[in-house]
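The chain is shown first.

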Amino acid sequence: PTHKALCKKPSNAPQPPMSQAGAMLDALFGGSNLDKLTKKDCYIQLIDSYRLRVEDDYKYGCDNHGLYAGEDPRPDFARYLDLAETRKGLLPTWWNRDNRAACEAMGADGSKGNWADLSCAVEKHDIMEHYKDNTAPMKLRVLAEKVYGQRVQGGL
């Protein structure tokens, strides 16, 4: 996929901290529940929230980054984690440099059967099928909204 020049938006446009739908889902699903997950499941949800956001940014926001810009997705995911680490209360209390390294390693693992491979794109239906939960895409989108501090630009 290539980025279209006509999709560019002004970089100084004010951004809402979270969409109304995101705030409602946040209340419904109890905020960040990453503390309640195993470390492995936490890593997977962080990776999946990023992968779905990259898909949504491409599909709805005309904003190609990471895999969708033809780039190695690892640096873009590292920036995602950098942002997540600045969001108070978002990451689990046990999160530290070693856990971050383990999360990044899981995403960089391109071995067959690794669901959380950052070099593999995911779509909404993939997420629903993997989690066997029709609300999983919404939950992951809310997590990504919290990380980025804004919803997907252009809709959603």
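Which residues in α3 meet which residues in α6?

## Basis of the report

This is a predicted model, in which local features need pLDDT of at least 70, side-chain atom pairs count only at pLDDT 80 or more, and totals for chains, interfaces and linings use all residues. Residues are numbered from 1 along each chain as its sequence is written, and side-chain values use heavy atoms, with hydrogens and water left out.

## Contact of α3 with α6

Tyr80, Leu83 and Ala84 in α3 meet Leu143, Ala144, Val147 and Tyr148 in α6 (contact means heavy atoms within 4.5 Å). The residues of this contact comprise seven nonpolar, no polar and no charged; Ala, Val, Leu, Ile, Met, Phe, Trp, Tyr, Cys and Pro count as nonpolar, Asp, Glu, Lys and Arg as charged, and the others, Gly among them, as polar.

The axes of α3 (residues 73-86) and α6 come within 8 Å and cross at roughly 80°; axes are lines fitted to C-alpha atoms, for helices over the stretch in contact, with angles from 0 to 180 degrees between N-to-C directions. The two helices are therefore roughly perpendicular to each other (65 to 115 degrees).

## Burial of α6

Of the 13 residues of α6, 10 are buried, so the helix is largely enclosed by the rest of the structure (buried means under 20% relative accessible area, 1.4 Å probe, protein chains only). Among them are Leu143, Ala144 and Val147. Gly149, with a positive phi near 75°, follows α6.

Definitions and conventions: Buried means under 20% relative accessible area, exposed over 50%, partly exposed in between (1.4 Å probe, protein chains only). Helices (H or I, at least four residues) and strands (E, at least two) are DSSP runs, numbered from the N terminus. Angles under 35 degrees count as roughly parallel, over 145 as roughly antiparallel, 65 to 115 as roughly perpendicular and the rest as oblique.
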